[in-house]
Amino acid sequence: MDAYSRGQLSPEEHVRAVLRALKSEKTNAVIAVREEVLDEARQSSDRYRAGKKLSALDGIPVVIKDNIVIEGQEVTAASNMLKGTISPYDATVVQKLKKAGALVVARSNMDEFAMGSSSETSAFGPVRNPHDQTRVPGGSSGGSASVVAQGIVPVALGSDTAGSIRQPAAFCGVVGFKPTYGSVSRFGLVALASSYDVIGPLANSVTDAELVYLSIKGADEFDATSRNFPPPKGKIKRFGVPLKAWKLAERLGHKEAQRFEQALKHLKTLGFETVDVNLPDPEIAVAIYYVINPVEASSNLARYDGVRYGHASSEHFNTLYERISSAREEGFGTEVRRRLFVGTFASSAGYQDAYYKQALNVTGVLRTQYDAIFKDVDAIVTPTTATCAFKLGAVKDPVEMYLSDIFTVPANIFGFPAISVPTDPVEGLPFGMQFFAPQGQDSQLFSVAKQFVGEG
Amino acid sequence: MKSVVVGDKLIDELSNLARVGVGPHIAAQLVADVGEVLEYVDRIQKVSTKEFIPSVQKSPCRKDNETHAVWFKPNIIRANIPHQKDGAIHVEETFVTGNVTE
(Lines give C-alpha, C1' and ligand atoms only; values in the text may rest on other atoms or scores of the structure.)
Protein backbone atom coordinates (compact mmCIF):
# COMPACT_ATOMS: atom_id res chain seq x y z
CA MET A 1 0.00 0.00 0.00
CA ASP A 2 1.45 3.35 -1.05
CA ALA A 3 0.27 5.17 2.10
CA TYR A 4 2.24 2.69 4.24
CA SER A 5 5.39 3.04 2.12
CA ARG A 6 5.15 6.85 2.18
CA GLY A 7 4.71 6.79 5.95
CA GLN A 8 1.31 8.55 5.77
CA LEU A 9 -0.40 5.67 7.57
CA SER A 10 0.94 2.74 9.55
CA PRO A 11 -0.54 -0.74 9.46
CA GLU A 12 -1.09 -0.44 13.21
CA GLU A 13 -3.16 2.76 12.85
CA HIS A 14 -5.04 1.26 9.96
CA VAL A 15 -5.85 -1.97 11.78
CA ARG A 16 -7.05 -0.12 14.89
CA ALA A 17 -9.51 1.77 12.70
CA VAL A 18 -10.55 -1.42 10.95
CA LEU A 19 -11.21 -3.23 14.24
CA ARG A 20 -13.36 -0.31 15.43
CA ALA A 21 -15.33 -0.37 12.19
CA LEU A 22 -15.78 -4.14 12.30
CA LYS A 23 -17.09 -3.99 15.86
CA SER A 24 -19.64 -1.31 15.02
CA GLU A 25 -20.75 -2.46 11.57
CA LYS A 26 -24.49 -2.97 11.26
CA THR A 27 -24.98 -5.90 8.90
CA ASN A 28 -24.04 -8.74 11.31
CA ALA A 29 -21.21 -9.60 8.94
CA VAL A 30 -18.67 -10.42 11.62
CA ILE A 31 -18.62 -13.38 13.98
CA ALA A 32 -15.50 -12.30 15.89
CA VAL A 33 -12.68 -9.83 15.55
CA ARG A 34 -9.11 -10.95 16.18
CA GLU A 35 -7.61 -8.52 18.71
CA GLU A 36 -4.17 -10.16 18.67
CA VAL A 37 -3.75 -8.87 15.12
CA LEU A 38 -2.57 -5.59 16.68
CA ASP A 39 0.75 -7.24 17.62
CA GLU A 40 1.17 -8.40 14.04
CA ALA A 41 0.23 -4.90 12.81
CA ARG A 42 2.99 -3.40 14.98
CA GLN A 43 5.51 -5.80 13.44
CA SER A 44 4.25 -4.84 9.99
CA SER A 45 4.65 -1.15 10.86
CA ASP A 46 8.24 -1.87 11.94
CA ARG A 47 8.92 -3.57 8.61
CA TYR A 48 7.63 -0.57 6.67
CA ARG A 49 9.71 1.81 8.80
CA ALA A 50 12.75 -0.35 8.06
CA GLY A 51 11.86 -0.48 4.36
CA LYS A 52 11.53 -4.28 4.53
CA LYS A 53 7.93 -5.06 3.62
CA LEU A 54 7.26 -8.73 2.96
CA SER A 55 5.01 -8.30 -0.07
CA ALA A 56 2.34 -6.05 -1.54
CA LEU A 57 -0.05 -7.59 1.00
CA ASP A 58 2.07 -6.64 4.02
CA GLY A 59 -0.09 -4.78 6.51
CA ILE A 60 -3.29 -5.28 4.52
CA PRO A 61 -6.26 -6.22 6.71
CA VAL A 62 -8.09 -9.31 5.54
CA VAL A 63 -11.31 -10.90 6.79
CA ILE A 64 -11.61 -14.68 6.66
CA LYS A 65 -14.86 -16.59 6.20
CA ASP A 66 -15.55 -18.63 9.31
CA ASN A 67 -15.20 -21.99 7.61
CA ILE A 68 -11.45 -21.43 7.08
CA VAL A 69 -9.38 -22.26 10.13
CA ILE A 70 -7.04 -19.84 11.89
CA GLU A 71 -4.61 -21.14 14.50
CA GLY A 72 -5.78 -20.52 18.05
CA GLN A 73 -9.14 -19.14 16.89
CA GLU A 74 -12.61 -20.56 17.19
CA VAL A 75 -13.98 -21.89 13.91
CA THR A 76 -17.74 -22.36 13.77
CA ALA A 77 -18.80 -22.48 10.11
CA ALA A 78 -21.70 -20.46 11.57
CA SER A 79 -23.05 -23.61 13.22
CA ASN A 80 -24.02 -24.43 16.79
CA MET A 81 -22.37 -27.77 16.09
CA LEU A 82 -18.89 -26.24 16.07
CA LYS A 83 -19.21 -23.39 18.58
CA GLY A 84 -16.26 -23.49 20.95
CA THR A 85 -14.03 -25.45 18.57
CA ILE A 86 -10.52 -23.98 18.51
CA SER A 87 -8.31 -24.68 15.54
CA PRO A 88 -4.80 -25.95 16.35
CA TYR A 89 -3.45 -24.89 12.95
CA ASP A 90 -3.74 -22.38 10.13
CA ALA A 91 -5.41 -23.28 6.83
CA THR A 92 -2.84 -23.22 4.03
CA VAL A 93 -4.41 -20.06 2.59
CA VAL A 94 -4.21 -18.33 5.98
CA GLN A 95 -0.61 -19.47 6.40
CA LYS A 96 0.24 -18.03 2.97
CA LEU A 97 -1.51 -14.72 3.69
CA LYS A 98 0.27 -14.39 7.05
CA LYS A 99 3.59 -15.19 5.40
CA ALA A 100 2.91 -12.39 2.91
CA GLY A 101 2.35 -10.04 5.85
CA ALA A 102 -1.44 -9.77 5.53
CA LEU A 103 -3.28 -9.12 8.79
CA VAL A 104 -6.21 -11.39 9.60
CA VAL A 105 -8.59 -9.07 11.44
CA ALA A 106 -11.84 -11.01 11.75
CA ARG A 107 -13.93 -14.06 10.95
CA SER A 108 -16.98 -13.39 8.84
CA ASN A 109 -20.55 -14.62 9.17
CA MET A 110 -21.94 -17.03 6.57
CA ASP A 111 -24.59 -19.64 5.90
CA GLU A 112 -24.25 -22.62 8.24
CA PHE A 113 -21.58 -24.95 6.84
CA ALA A 114 -21.78 -22.80 3.66
CA MET A 115 -25.20 -24.32 2.89
CA GLY A 116 -27.23 -21.46 1.56
CA SER A 117 -27.44 -18.61 -0.91
CA SER A 118 -28.53 -15.79 1.37
CA SER A 119 -26.46 -15.95 4.59
CA GLU A 120 -29.72 -16.43 6.47
CA THR A 121 -29.01 -19.93 7.80
CA SER A 122 -26.24 -18.83 10.20
CA ALA A 123 -26.51 -19.82 13.84
CA PHE A 124 -25.39 -16.24 14.57
CA GLY A 125 -28.35 -14.71 12.77
CA PRO A 126 -28.68 -13.48 9.21
CA VAL A 127 -26.26 -11.11 7.51
CA ARG A 128 -27.83 -8.05 5.88
CA ASN A 129 -26.98 -6.34 2.64
CA PRO A 130 -25.04 -3.11 3.25
CA HIS A 131 -26.80 -1.42 0.30
CA ASP A 132 -30.26 -2.17 1.72
CA GLN A 133 -30.48 -3.76 5.12
CA THR A 134 -33.89 -5.24 4.40
CA ARG A 135 -32.23 -7.46 1.80
CA VAL A 136 -29.86 -10.43 1.89
CA PRO A 137 -26.18 -10.05 0.98
CA GLY A 138 -26.19 -13.36 -0.89
CA GLY A 139 -24.44 -16.43 0.35
CA SER A 140 -22.83 -18.29 1.61
CA SER A 141 -19.92 -15.81 1.88
CA GLY A 142 -22.31 -12.96 2.73
CA GLY A 143 -20.27 -11.62 5.66
CA SER A 144 -17.09 -11.41 3.59
CA ALA A 145 -18.96 -9.62 0.78
CA SER A 146 -20.55 -7.18 3.20
CA VAL A 147 -17.34 -6.05 4.94
CA VAL A 148 -15.64 -5.53 1.58
CA ALA A 149 -18.66 -3.65 0.17
CA GLN A 150 -18.68 -1.39 3.23
CA GLY A 151 -15.04 -0.57 2.53
CA ILE A 152 -13.93 -1.76 5.97
CA VAL A 153 -11.35 -4.10 4.45
CA PRO A 154 -10.10 -4.17 0.86
CA VAL A 155 -10.18 -7.96 0.59
CA ALA A 156 -11.75 -10.99 2.24
CA LEU A 157 -11.64 -14.70 1.69
CA GLY A 158 -14.73 -16.73 0.91
CA SER A 159 -15.41 -20.23 -0.33
CA ASP A 160 -17.38 -21.15 -3.43
CA THR A 161 -19.17 -24.48 -3.82
CA ALA A 162 -22.07 -23.39 -6.04
CA GLY A 163 -21.52 -19.65 -6.36
CA SER A 164 -20.91 -18.71 -2.73
CA ILE A 165 -18.28 -16.12 -3.64
CA ARG A 166 -19.74 -14.80 -6.90
CA GLN A 167 -23.41 -14.51 -5.92
CA PRO A 168 -22.77 -12.42 -2.74
CA ALA A 169 -20.19 -10.41 -4.68
CA ALA A 170 -22.89 -9.58 -7.24
CA PHE A 171 -25.51 -8.80 -4.57
CA CYS A 172 -23.09 -6.51 -2.67
CA GLY A 173 -21.42 -4.84 -5.66
CA VAL A 174 -17.89 -6.19 -5.25
CA VAL A 175 -15.55 -8.44 -7.23
CA GLY A 176 -15.70 -12.18 -6.44
CA PHE A 177 -13.34 -14.73 -7.90
CA LYS A 178 -13.76 -18.50 -7.89
CA PRO A 179 -10.43 -20.06 -8.86
CA THR A 180 -10.01 -23.21 -10.92
CA TYR A 181 -10.79 -26.21 -8.72
CA GLY A 182 -7.52 -27.45 -7.26
CA SER A 183 -5.52 -24.29 -7.91
CA VAL A 184 -5.96 -23.21 -4.27
CA SER A 185 -5.45 -25.60 -1.36
CA ARG A 186 -8.54 -26.65 0.57
CA PHE A 187 -6.47 -27.70 3.59
CA GLY A 188 -8.12 -26.07 6.59
CA LEU A 189 -11.44 -25.42 4.86
CA VAL A 190 -14.40 -26.96 6.67
CA ALA A 191 -15.56 -29.37 4.00
CA LEU A 192 -18.98 -29.06 2.41
CA ALA A 193 -18.76 -30.82 -0.98
CA SER A 194 -15.10 -31.65 -1.43
CA SER A 195 -15.20 -32.09 -5.19
CA TYR A 196 -16.60 -28.57 -5.70
CA ASP A 197 -15.24 -26.49 -2.77
CA VAL A 198 -12.78 -23.72 -3.66
CA ILE A 199 -11.39 -20.84 -1.59
CA GLY A 200 -11.17 -17.46 -3.31
CA PRO A 201 -11.07 -13.70 -2.77
CA LEU A 202 -13.71 -10.98 -2.64
CA ALA A 203 -12.37 -7.47 -3.21
CA ASN A 204 -13.23 -3.95 -4.22
CA SER A 205 -11.08 -4.21 -7.32
CA VAL A 206 -10.08 -6.93 -9.77
CA THR A 207 -6.42 -6.05 -9.12
CA ASP A 208 -6.77 -6.68 -5.38
CA ALA A 209 -8.61 -9.95 -5.99
CA GLU A 210 -5.84 -11.08 -8.32
CA LEU A 211 -3.17 -10.08 -5.82
CA VAL A 212 -4.76 -12.23 -3.13
CA TYR A 213 -5.33 -15.11 -5.55
CA LEU A 214 -1.68 -15.08 -6.63
CA SER A 215 -0.56 -15.24 -3.02
CA ILE A 216 -2.81 -18.18 -2.04
CA LYS A 217 -2.66 -20.37 -5.14
CA GLY A 218 -0.40 -23.35 -5.67
CA ALA A 219 -0.04 -27.05 -4.97
CA ASP A 220 -0.08 -28.08 -1.33
CA GLU A 221 1.16 -31.35 0.11
CA PHE A 222 -1.82 -31.34 2.51
CA ASP A 223 -4.42 -31.28 -0.27
CA ALA A 224 -4.07 -34.09 -2.78
CA THR A 225 -6.46 -32.38 -5.19
CA SER A 226 -4.35 -29.23 -5.37
CA ARG A 227 -1.88 -28.68 -8.18
CA ASN A 228 0.04 -26.08 -10.11
CA PHE A 229 -1.51 -25.25 -13.45
CA PRO A 230 0.76 -24.42 -16.37
CA PRO A 231 0.67 -20.79 -17.58
CA PRO A 232 -2.26 -20.38 -19.96
CA LYS A 233 -1.66 -19.78 -23.65
CA GLY A 234 -3.39 -17.13 -25.71
CA LYS A 235 -5.93 -14.52 -24.72
CA ILE A 236 -9.67 -14.47 -24.40
CA LYS A 237 -11.06 -12.91 -27.56
CA ARG A 238 -14.33 -14.68 -28.27
CA PHE A 239 -17.15 -14.97 -25.74
CA GLY A 240 -19.99 -17.44 -25.85
CA VAL A 241 -23.37 -16.09 -24.72
CA PRO A 242 -26.02 -18.70 -23.83
CA LEU A 243 -28.87 -16.35 -24.64
CA LYS A 244 -31.38 -18.89 -25.88
CA ALA A 245 -30.02 -22.03 -24.21
CA TRP A 246 -30.20 -20.47 -20.76
CA LYS A 247 -33.46 -18.64 -21.55
CA LEU A 248 -31.91 -15.42 -20.33
CA ALA A 249 -34.75 -13.26 -21.65
CA GLU A 250 -37.24 -15.27 -19.57
CA ARG A 251 -35.14 -15.63 -16.46
CA LEU A 252 -33.91 -12.05 -16.15
CA GLY A 253 -36.03 -9.12 -15.09
CA HIS A 254 -36.44 -6.30 -17.60
CA LYS A 255 -33.81 -4.02 -16.03
CA GLU A 256 -31.40 -6.90 -15.42
CA ALA A 257 -31.73 -7.92 -19.08
CA GLN A 258 -30.92 -4.33 -20.07
CA ARG A 259 -27.79 -4.40 -17.93
CA PHE A 260 -26.74 -7.64 -19.57
CA GLU A 261 -27.24 -6.22 -23.06
CA GLN A 262 -25.19 -3.17 -22.04
CA ALA A 263 -22.46 -5.49 -20.78
CA LEU A 264 -22.38 -7.34 -24.11
CA LYS A 265 -22.15 -4.04 -26.00
CA HIS A 266 -19.36 -2.95 -23.67
CA LEU A 267 -17.44 -6.16 -24.38
CA LYS A 268 -17.80 -5.50 -28.11
CA THR A 269 -16.51 -1.94 -27.74
CA LEU A 270 -13.51 -3.38 -25.93
CA GLY A 271 -12.82 -5.49 -29.00
CA PHE A 272 -14.24 -8.84 -27.89
CA GLU A 273 -16.41 -10.95 -30.13
CA THR A 274 -19.65 -12.40 -28.74
CA VAL A 275 -21.56 -15.33 -30.23
CA ASP A 276 -24.67 -17.18 -29.10
CA VAL A 277 -23.81 -20.68 -27.87
CA ASN A 278 -25.96 -23.68 -27.12
CA LEU A 279 -24.87 -24.54 -23.58
CA PRO A 280 -26.67 -27.31 -21.68
CA ASP A 281 -29.71 -26.30 -19.63
CA PRO A 282 -28.36 -24.88 -16.34
CA GLU A 283 -31.25 -26.46 -14.44
CA ILE A 284 -29.65 -29.83 -15.15
CA ALA A 285 -26.45 -28.54 -13.56
CA VAL A 286 -28.44 -27.36 -10.53
CA ALA A 287 -30.08 -30.80 -10.29
CA ILE A 288 -26.68 -32.53 -10.51
CA TYR A 289 -25.36 -30.19 -7.87
CA TYR A 290 -28.19 -30.89 -5.46
CA VAL A 291 -27.48 -34.60 -5.66
CA ILE A 292 -23.68 -34.51 -5.43
CA ASN A 293 -23.51 -31.73 -2.85
CA PRO A 294 -25.84 -33.38 -0.30
CA VAL A 295 -24.17 -36.77 -0.82
CA GLU A 296 -20.71 -35.34 -0.19
CA ALA A 297 -22.02 -33.16 2.63
CA SER A 298 -23.67 -36.11 4.37
CA SER A 299 -20.34 -37.92 4.22
CA ASN A 300 -18.24 -34.93 5.28
CA LEU A 301 -20.52 -33.97 8.13
CA ALA A 302 -20.72 -37.51 9.52
CA ARG A 303 -17.67 -36.66 11.63
CA TYR A 304 -19.68 -34.25 13.77
CA ASP A 305 -21.02 -36.70 16.32
CA GLY A 306 -20.53 -34.81 19.57
CA VAL A 307 -18.00 -37.44 20.63
CA ARG A 308 -14.86 -36.80 18.60
CA TYR A 309 -15.86 -33.24 17.96
CA GLY A 310 -18.88 -31.09 17.65
CA HIS A 311 -21.67 -30.13 20.01
CA ALA A 312 -22.45 -32.71 22.70
CA SER A 313 -25.90 -33.00 24.16
CA SER A 314 -26.11 -32.48 27.92
CA GLU A 315 -29.01 -34.89 28.34
CA HIS A 316 -28.71 -38.49 29.55
CA PHE A 317 -29.02 -41.23 26.95
CA ASN A 318 -29.15 -45.01 27.14
CA THR A 319 -27.39 -45.66 23.85
CA LEU A 320 -24.61 -44.18 21.78
CA TYR A 321 -26.94 -43.78 18.81
CA GLU A 322 -29.39 -41.74 20.84
CA ARG A 323 -26.56 -39.52 22.05
CA ILE A 324 -25.22 -38.93 18.53
CA SER A 325 -28.66 -38.37 17.00
CA SER A 326 -29.57 -35.90 19.68
CA ALA A 327 -26.25 -34.01 19.40
CA ARG A 328 -26.72 -33.70 15.65
CA GLU A 329 -30.37 -32.70 16.01
CA GLU A 330 -29.42 -29.93 18.46
CA GLY A 331 -26.26 -28.88 16.58
CA PHE A 332 -27.44 -28.71 12.98
CA GLY A 333 -29.89 -26.19 11.57
CA THR A 334 -32.78 -26.91 9.23
CA GLU A 335 -30.97 -26.50 5.90
CA VAL A 336 -28.10 -28.72 7.02
CA ARG A 337 -30.49 -31.45 8.12
CA ARG A 338 -32.41 -31.13 4.86
CA ARG A 339 -29.24 -31.73 2.85
CA LEU A 340 -28.09 -34.57 5.11
CA PHE A 341 -31.39 -36.32 4.50
CA VAL A 342 -31.29 -35.80 0.72
CA GLY A 343 -27.64 -36.90 0.62
CA THR A 344 -28.25 -39.95 2.75
CA PHE A 345 -31.15 -40.92 0.51
CA ALA A 346 -29.29 -40.33 -2.78
CA SER A 347 -26.33 -42.43 -1.63
CA SER A 348 -28.31 -45.21 0.02
CA ALA A 349 -28.00 -48.72 -1.37
CA GLY A 350 -31.29 -48.79 -3.23
CA TYR A 351 -31.02 -45.36 -4.83
CA GLN A 352 -27.37 -44.53 -5.44
CA ASP A 353 -27.47 -45.79 -9.04
CA ALA A 354 -30.51 -43.66 -9.84
CA TYR A 355 -29.23 -40.51 -8.15
CA TYR A 356 -25.54 -40.32 -7.24
CA LYS A 357 -24.14 -42.40 -10.10
CA GLN A 358 -26.60 -40.92 -12.59
CA ALA A 359 -25.53 -37.43 -11.48
CA LEU A 360 -21.90 -38.36 -12.11
CA ASN A 361 -22.72 -39.76 -15.53
CA VAL A 362 -24.81 -36.74 -16.52
CA THR A 363 -21.89 -34.56 -15.42
CA GLY A 364 -19.79 -36.46 -17.95
CA VAL A 365 -22.36 -35.92 -20.69
CA LEU A 366 -22.51 -32.19 -19.99
CA ARG A 367 -18.74 -31.96 -19.78
CA THR A 368 -18.36 -33.23 -23.34
CA GLN A 369 -20.81 -30.54 -24.46
CA TYR A 370 -18.88 -27.81 -22.65
CA ASP A 371 -15.58 -29.15 -24.05
CA ALA A 372 -17.02 -28.90 -27.57
CA ILE A 373 -18.21 -25.33 -27.00
CA PHE A 374 -14.83 -24.27 -25.62
CA LYS A 375 -13.32 -25.27 -28.95
CA ASP A 376 -15.34 -22.45 -30.53
CA VAL A 377 -15.20 -19.80 -27.82
CA ASP A 378 -12.60 -18.81 -25.22
CA ALA A 379 -14.97 -17.97 -22.39
CA ILE A 380 -18.64 -17.61 -21.48
CA VAL A 381 -20.35 -14.45 -20.27
CA THR A 382 -23.59 -14.49 -18.27
CA PRO A 383 -25.19 -12.41 -15.57
CA THR A 384 -23.97 -13.67 -12.18
CA THR A 385 -27.53 -13.86 -10.91
CA ALA A 386 -30.98 -13.57 -12.44
CA THR A 387 -32.07 -10.87 -9.99
CA CYS A 388 -30.63 -8.34 -7.58
CA ALA A 389 -30.55 -9.09 -3.85
CA PHE A 390 -33.91 -10.29 -2.60
CA LYS A 391 -35.59 -9.35 0.67
CA LEU A 392 -34.65 -11.11 3.90
CA GLY A 393 -37.02 -14.02 4.47
CA ALA A 394 -38.54 -13.67 1.00
CA VAL A 395 -37.35 -17.05 -0.30
CA LYS A 396 -38.57 -19.89 1.89
CA ASP A 397 -38.85 -22.62 -0.69
CA PRO A 398 -35.59 -24.68 -0.79
CA VAL A 399 -35.62 -25.26 -4.56
CA GLU A 400 -36.30 -21.58 -5.25
CA MET A 401 -33.31 -20.74 -3.06
CA TYR A 402 -31.15 -23.32 -4.87
CA LEU A 403 -32.10 -21.73 -8.20
CA SER A 404 -30.55 -18.42 -7.14
CA ASP A 405 -27.25 -20.13 -8.04
CA ILE A 406 -28.48 -21.17 -11.48
CA PHE A 407 -25.85 -19.23 -13.46
CA THR A 408 -22.96 -19.93 -11.09
CA VAL A 409 -23.33 -23.69 -10.50
CA PRO A 410 -21.96 -24.90 -13.88
CA ALA A 411 -18.49 -23.47 -13.13
CA ASN A 412 -18.37 -25.54 -9.94
CA ILE A 413 -19.59 -28.73 -11.58
CA PHE A 414 -16.69 -28.63 -14.05
CA GLY A 415 -14.07 -26.87 -11.90
CA PHE A 416 -13.92 -23.81 -14.17
CA PRO A 417 -12.51 -20.51 -12.92
CA ALA A 418 -15.13 -17.76 -12.81
CA ILE A 419 -15.29 -14.13 -11.81
CA SER A 420 -18.16 -11.81 -10.96
CA VAL A 421 -17.67 -8.09 -11.50
CA PRO A 422 -20.11 -5.31 -10.68
CA THR A 423 -21.94 -3.56 -13.46
CA ASP A 424 -24.28 -0.56 -13.29
CA PRO A 425 -26.83 -0.94 -10.49
CA VAL A 426 -30.44 -1.89 -11.11
CA GLU A 427 -32.74 0.52 -9.25
CA GLY A 428 -29.98 1.28 -6.77
CA LEU A 429 -29.06 -2.33 -6.13
CA PRO A 430 -25.81 -3.95 -7.27
CA PHE A 431 -25.85 -6.35 -10.20
CA GLY A 432 -23.00 -8.49 -11.51
CA MET A 433 -21.62 -10.01 -14.69
CA GLN A 434 -19.92 -13.39 -14.68
CA PHE A 435 -17.14 -14.62 -16.92
CA PHE A 436 -16.00 -18.24 -16.85
CA ALA A 437 -13.44 -20.17 -18.87
CA PRO A 438 -11.83 -23.62 -19.04
CA GLN A 439 -9.69 -24.84 -16.16
CA GLY A 440 -6.37 -23.07 -15.72
CA GLN A 441 -7.46 -19.86 -17.49
CA ASP A 442 -7.62 -17.86 -14.25
CA SER A 443 -5.18 -15.14 -15.31
CA GLN A 444 -7.05 -14.53 -18.58
CA LEU A 445 -10.26 -14.01 -16.65
CA PHE A 446 -8.54 -11.39 -14.48
CA SER A 447 -7.31 -9.70 -17.63
CA VAL A 448 -10.80 -9.56 -19.16
CA ALA A 449 -12.37 -8.43 -15.89
CA LYS A 450 -9.86 -5.59 -15.55
CA GLN A 451 -10.67 -4.39 -19.06
CA PHE A 452 -14.40 -4.71 -18.39
CA VAL A 453 -14.32 -2.54 -15.25
CA GLY A 454 -11.67 -0.21 -16.64
CA GLU A 455 -8.77 -1.11 -14.34
CA GLY A 456 -5.34 -0.72 -15.80
CA MET B 1 -37.67 -44.08 -12.87
CA LYS B 2 -40.77 -43.43 -10.83
CA SER B 3 -40.51 -40.56 -8.38
CA VAL B 4 -40.00 -41.50 -4.78
CA VAL B 5 -42.85 -40.76 -2.42
CA VAL B 6 -41.43 -39.05 0.62
CA GLY B 7 -43.41 -39.67 3.78
CA ASP B 8 -42.94 -39.97 7.53
CA LYS B 9 -41.58 -43.51 7.20
CA LEU B 10 -38.82 -42.52 4.79
CA ILE B 11 -37.88 -39.53 6.94
CA ASP B 12 -37.68 -41.87 9.96
CA GLU B 13 -35.40 -44.21 8.03
CA LEU B 14 -33.20 -41.33 6.86
CA SER B 15 -33.12 -39.98 10.39
CA ASN B 16 -31.73 -43.32 11.55
CA LEU B 17 -29.26 -43.62 8.67
CA ALA B 18 -28.00 -40.05 8.96
CA ARG B 19 -28.02 -40.20 12.76
CA VAL B 20 -29.92 -36.95 12.98
CA GLY B 21 -32.85 -36.78 15.33
CA VAL B 22 -36.06 -35.31 13.97
CA GLY B 23 -38.39 -33.63 16.39
CA PRO B 24 -42.12 -33.61 15.65
CA HIS B 25 -42.03 -29.86 14.97
CA ILE B 26 -39.74 -30.31 11.97
CA ALA B 27 -40.77 -33.72 10.61
CA ALA B 28 -43.62 -32.44 8.45
CA GLN B 29 -41.44 -29.67 7.05
CA LEU B 30 -38.69 -32.18 6.18
CA VAL B 31 -41.19 -34.46 4.44
CA ALA B 32 -42.29 -31.55 2.26
CA ASP B 33 -38.81 -30.15 1.63
CA VAL B 34 -37.02 -33.42 0.91
CA GLY B 35 -39.89 -34.45 -1.36
CA GLU B 36 -39.64 -31.20 -3.27
CA VAL B 37 -35.86 -31.41 -3.66
CA LEU B 38 -35.99 -35.02 -4.85
CA GLU B 39 -38.74 -34.15 -7.31
CA TYR B 40 -36.56 -31.36 -8.70
CA VAL B 41 -33.37 -33.40 -9.02
CA ASP B 42 -35.32 -36.22 -10.69
CA ARG B 43 -34.82 -34.33 -13.98
CA ILE B 44 -31.37 -35.90 -14.25
CA GLN B 45 -33.11 -39.23 -14.91
CA LYS B 46 -34.31 -37.87 -18.25
CA VAL B 47 -30.80 -37.19 -19.52
CA SER B 48 -29.55 -40.02 -21.69
CA THR B 49 -26.11 -41.23 -20.70
CA LYS B 50 -26.04 -44.16 -23.16
CA GLU B 51 -23.33 -42.55 -25.27
CA PHE B 52 -21.29 -41.61 -22.26
CA ILE B 53 -18.51 -43.84 -20.95
CA PRO B 54 -17.78 -42.97 -17.33
CA SER B 55 -14.16 -42.13 -16.70
CA VAL B 56 -14.36 -43.88 -13.36
CA GLN B 57 -15.59 -47.43 -13.65
CA LYS B 58 -15.85 -50.38 -11.34
CA SER B 59 -12.49 -51.95 -10.80
CA PRO B 60 -11.87 -54.66 -13.40
CA CYS B 61 -9.45 -56.50 -11.11
CA ARG B 62 -11.93 -59.08 -9.88
CA LYS B 63 -14.94 -60.66 -11.52
CA ASP B 64 -17.88 -61.86 -9.47
CA ASN B 65 -16.83 -65.49 -9.28
CA GLU B 66 -13.11 -64.92 -9.26
CA THR B 67 -10.95 -65.37 -6.21
CA HIS B 68 -7.73 -63.59 -5.52
CA ALA B 69 -5.32 -63.19 -2.69
CA VAL B 70 -5.93 -60.53 -0.12
CA TRP B 71 -4.26 -59.90 3.20
CA PHE B 72 -7.43 -60.12 5.17
CA LYS B 73 -10.82 -61.61 4.82
CA PRO B 74 -13.24 -58.98 3.64
CA ASN B 75 -15.59 -59.68 6.48
CA ILE B 76 -13.01 -58.67 9.06
CA ILE B 77 -13.27 -55.08 8.13
CA ARG B 78 -17.01 -55.07 8.26
CA ALA B 79 -17.32 -57.38 11.23
CA ASN B 80 -17.85 -56.13 14.71
CA ILE B 81 -20.15 -53.36 13.56
CA PRO B 82 -22.09 -52.42 16.65
CA HIS B 83 -25.83 -52.55 16.33
CA GLN B 84 -28.71 -51.94 18.60
CA LYS B 85 -30.81 -54.80 19.91
CA ASP B 86 -33.36 -54.67 22.72
CA GLY B 87 -32.11 -51.24 23.75
CA ALA B 88 -28.47 -52.29 24.09
CA ILE B 89 -25.52 -52.15 21.72
CA HIS B 90 -24.36 -55.54 20.46
CA VAL B 91 -21.14 -56.23 18.66
CA GLU B 92 -20.91 -59.27 16.45
CA GLU B 93 -20.03 -60.30 12.94
CA THR B 94 -22.83 -59.21 10.70
CA PHE B 95 -21.48 -60.04 7.25
CA VAL B 96 -20.80 -63.37 5.66
CA THR B 97 -17.28 -64.01 4.44
CA GLY B 98 -16.92 -63.42 0.71
CA ASN B 99 -15.53 -65.82 -1.84
CA VAL B 100 -11.91 -65.08 -1.15
CA THR B 101 -8.78 -67.13 -0.67
CA GLU B 102 -5.89 -66.03 1.48
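"Meet" here means contact, with C-beta atoms, placed from the backbone, within 7 Å. For the classes, Ala, Val, Leu, Ile, Met, Phe, Trp, Tyr, Cys and Pro count as nonpolar, Asp, Glu, Lys and Arg as charged, and the others, Gly among them, as polar.

Before you go on, a word on what is on screen: this is a predicted model, where local features need pLDDT of at least 70 and side-chain atom pairs count only at pLDDT 80 or more, while totals for chains, interfaces and linings use all residues. Residues are numbered from 1 along each chain as its sequence is written, and chains are lettered from A and ligands numbered from 1 in the order in which they are written.

Now show the whole of α2 (residues 11-24) and α3 (residues 37-49) of chain A; they pack at about 150°, with axes 7 Å apart. Axes are lines fitted to C-alpha atoms, for helices over the stretch in contact, and angles run from 0 to 180 degrees between N-to-C directions. The two helices are therefore roughly antiparallel, a label for angles over 145 degrees. Helices (H or I, at least four residues) and strands (E, at least two) are DSSP runs, numbered from the N terminus.

Next, the sheet. Color the 11 strands of chain A in the order β1-β3-β2-β4-β6-β5-β10-β11-β9-β7-β8, and you have an open sheet with mixed pairing. At its edges sit β1 (30-33) and β8 (273-276), each pairing on one side only. From one strand to the next, the twist averages 25°. Strands pair if DSSP finds at least two bridges between them.

Zoom in on β3 (residues 103-108) of chain A, which pairs with β1(A) in the antiparallel sense over three bridges. Pick A:V33 and you'll find its bridge partner, A:A106, in β3(A). With β2(A), β3(A) pairs in the parallel sense, over five bridges. Here A:I64 has A:R107 as its bridge partner.

Stay on β2 (residues 61-65) of chain A: five of its five residues are buried, so the strand is largely enclosed by the rest of the structure. Buried means 20 or more other C-beta atoms within 10 Å of a residue's own, with C-beta atoms placed from the backbone. Show side chains: A:P61, A:V63 and A:K65 point one way, and A:V62 and A:I64 the other.

Across the sheet, select α16 (residues 442-453) of chain A, lying over β9 (379-383), β10 (418-422) and β11 (432-436) and running at about 10° to β10(A). Then jump to α11 (residues 320-331) of chain A, a helix of 12 residues. Its buried residues are A:I324, A:S325, A:S326, A:A327, A:R328 and A:G331.

Last stop: chain B. It has three helices and two strands, in the pattern α-α-α-β-β along the sequence. Of its 102 residues, 16% count as buried. Where does chain B touch chain A? The contact takes 30 residues from chain B and 37 from chain A, and α1 (8-18) and α2 (24-41) of chain B each supply at least two residues of chain B's side. Highlight α2(B) for the largest share, nine residues. Chain B's side divides into 19 nonpolar, seven polar and four charged residues.

Definitions and conventions: Contact = placed C-beta atoms within 7 Å. Expected span 1.5 Å × (residues − 1). Buried ≥ 20, exposed ≤ 12 C-beta atoms within 10 Å, placed from the backbone. Parallel < 35°, antiparallel > 145°, perpendicular 65-115°, else oblique.
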